[in-house]
Amino acid sequence: MSATSLSPRTENVSGWGMAVGGQALVIRPTSADGVRAALQLARSQGLKVALRGSGCSYGDAASGNGKLVVDLSQMNRILAWDPASGRVRAEAGTTLRQIWQHCLADGWWPPVVSGTMEPTLGGAVAMNIHGKNAFGVGPIGEHVRSLRVMMVDGSERTLTPEHDADLLHAIIGGLGELCVVLEVELQLKHIYSGFLDVHALAAPDLEEMFRIFDEWQDRSDYLVGWLDGFCGGKGLGRGLVHVAHQVKEGADPDPRRMLTVAAQSLPSRLFGILPKSWMWMLMKPFAHDLGMRLINVAKYWSGRLLEHDKRYRQTHAAFHFLLDYVPNWKFIYKPDGLIQHQIFVPKDKAREVFRQVLALEQARGLPTWLAVMKRHRPDPYLLTHGLDGYSLAQDFRVTKGNRERLWALCHEIDDIVVKAGGRFYFAKDATLRPASVAAAFPAENMKKFADVRKELDPEGLLATDLYDRAIAPVLDATKVAKG
Ligand SMILES: Cc1cc2nc3c(=O)[nH]c(=O)nc-3n(C[C@H](O)[C@H](O)[C@H](O)COP(=O)(O)OP(=O)(O)OC[C@H]3O[C@@H](n4cnc5c(N)ncnc54)[C@H](O)[C@@H]3O)c2cc1C
């Protein structure tokens, strides 16, 4: 395929949160040849290239203002599936939804999934996504068995952890700034039931939230905390924790019954009548601080009074993809959208940092509408967010009136996190300044990343808006320091 046979279109490309983005030329190749031609086209037109999967990153990680956005979501074929070993190989635009739906009946589930099933494998690998089991199994990169990649010169390579560990440590979590991922081979995990055993626990304050995490982290497969960002005083950080266990082999007398896509699928109608696609409209009247305060209070107390210490079985899809249950729920944040900000803090500092951060948001009059806590562990990837500690992911509504104050709040939070030795997650980011990136990520890692980029993409063809805003200045500084 030649570069001239491609016909890119000008589109508005925003982050998932709809708060940042801009106009770009967009191209959707369907083959490796198409990707190669797109890279040539960009070069011939003097454009930078921003790679994109499903566009589920909240901020500007997959947008390319004034650039060529190469959207890989049409390269979405599953190429090989071995139900004996649980290995799947698929094109980079294949989504997590496609993977679990293809492999479920054989008793396998993706080792790591995000809170939505829409990310592509390429996007998941480029961000090195984590799930509610991050403390136990690490991010998705640890389950990658091979990557087929295209370098910016159009050459292709297959990389494996056995032969190319250092390169994979840069490319996985490398934000799509080193090469194009064409195919991913992933090791899935065996499941013996379509259900998970779930245990819901109420935590009346932050101290109890951490105590529950401590108690369960060595004894559970999945662990996630929801926090009420509006509650202050003694109840600061109160919330609900969901602990989940895989059903052991033989414990489900009829595993086949629920290991079907139909049994896992979330119902398409609410109460059997109302199309779920309308549900966000019912939520819209609550889309202000008072409404969200009420929802948070109701969620906490219903959890505490009705579900306190409650045990039940839930399908894998319902447990993992609750956020997909209300399609387009983000539309309640229209017209200006939302940002998410996820901080990662070492375990000995996390209690105090989370306390400070929640109190600061309330003091600034910008409480989070949704806050989720997870436990993590360190991993070997150069730009990793993983550390031995906890993360707090928080959604904030953006309005024309609060935008500047919200960005300033995020910068204040960043300073607290940096001081505590914490990190950030680029998939959720729209606000980080280069100085915070430089302070949070080890200089040695940034230097190694800069070296790999210089080798793989010497002309700097790949560059998303996130890269230009927060990463490039840090890498440039490492070059100056070296020179
Ligand atoms: C509701 C919701 C819940 C979420 N929950 C979680 C969660 O629990 N855990 C978590 O870790 N994340 C979570 N995320 C974030 C999401 O998993 C990541 O942003 C993921 O990277 C999105 O994949 P994508 O295909 O949409 O990639 P995009 O957002 O389109 O792109 C992400 C990055 O990948 C690069 N990229 C895309 N395709 C390729 C390719 N083929 N080759 C090289 N680079 C490529 C892009 O340049 C960009 O840097 C959530 C997002 C949403 C919207």
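Reader: Let's start with R355: with 15 C-beta neighbours inside 10 Å, does it count as buried or partly exposed?
Author: Keep in mind that this is a predicted model. R355 lies in helix α12. Being called buried takes 20 or more other C-beta atoms within 10 Å, and exposed means 12 or fewer. R355 has 15 such neighbours, so the label is partly exposed.

Reader: Which residues does R355 touch, not counting those up to four places away in sequence?
Author: One place to look is L236, which is 119 residues from R355 in sequence but 7.2 Å away in space, C-alpha to C-alpha. L236 is also on the contact list.

Reader: Which residues in α13 do V353, Q356, V357, L360 and E361 in α12 meet?
Author: The α12 side brings V353, Q356, V357, L360 and E361 to the contact. By class, the contact of α12 with α13 has seven nonpolar, one polar and two charged residues. On the α13 side, the partners are L409, E412, I413, I416 and V417.

Reader: Over to the ligand: which of the 32 residues around it come nearest?
Author: By class, the shell around the ligand divides into 18 nonpolar, 13 polar and one charged residue. Out of the 32 residues there, the ones that come nearest are G53, P119, G122, G123 and G176.

Reader: Which element gives the most to the shell around the ligand?
Author: Elements that each supply at least two residues are β3 (49-52), α3 (121-127) and β10. One of them gives five residues to the shell, the most, and that is α3.

Reader: Where is L175, and is it buried or exposed?
Author: L175 sits in the loop between α5 (165-171) and β10 (180-187). Its phi is near 60°, a positive value in a residue other than glycine. There are 24 other C-beta atoms within 10 Å of L175, and the cut-off for buried is 20 or more.

Reader: M18 has a positive phi although it is not a glycine; what is the value?
Author: M18 lies in the loop between β1 (9-14) and β2 (21-27). With 18 other C-beta atoms within 10 Å, M18 is partly exposed. The phi of M18 is positive, at about 65°.

Reader: What separates the C-alpha atoms of N296 and C231, which are 65 residues apart along the chain?
Author: N296 is found in helix α10 (residues 289-307) and is buried, with 23 other C-beta atoms within 10 Å. Beyond its neighbours within four places in sequence, N296 is in contact with D228, G229 and F230. From the C-alpha atom of N296 to that of C231, the separation is 8.7 Å.

Reader: Which residues is Y222 in contact with, leaving aside its neighbours within four places in sequence?
Author: Y222 lies in strand β13 (residues 222-227). Y222 is buried, with 23 other C-beta atoms within 10 Å. Its C-alpha atom is 29 Å from that of L79, 143 residues apart along the chain. The contacts of Y222 are K132, N133 and A244.

Reader: Last one: which peptide bond is cis, with omega near 10°?
Author: Look in the loop between α11 (316-320) and β18 (338-346), where P335 lies. The cis bond is the one from K334 to P335.

Methods. Residues are numbered from 1 along each chain as its sequence is written. This is a predicted model: local features need pLDDT of at least 70, side-chain atom pairs count only at pLDDT 80 or more; totals for chains, interfaces and linings use all residues. Helices (H or I, at least four residues) and strands (E, at least two) are DSSP runs, numbered from the N terminus. Two residues are in contact if their C-beta atoms, placed from the backbone, lie within 7 Å. Ala, Val, Leu, Ile, Met, Phe, Trp, Tyr, Cys and Pro count as nonpolar, Asp, Glu, Lys and Arg as charged, and the others, Gly among them, as polar. A residue is near a molecule or strand if its C-beta atom, placed from the backbone, lies within 6 Å of it.
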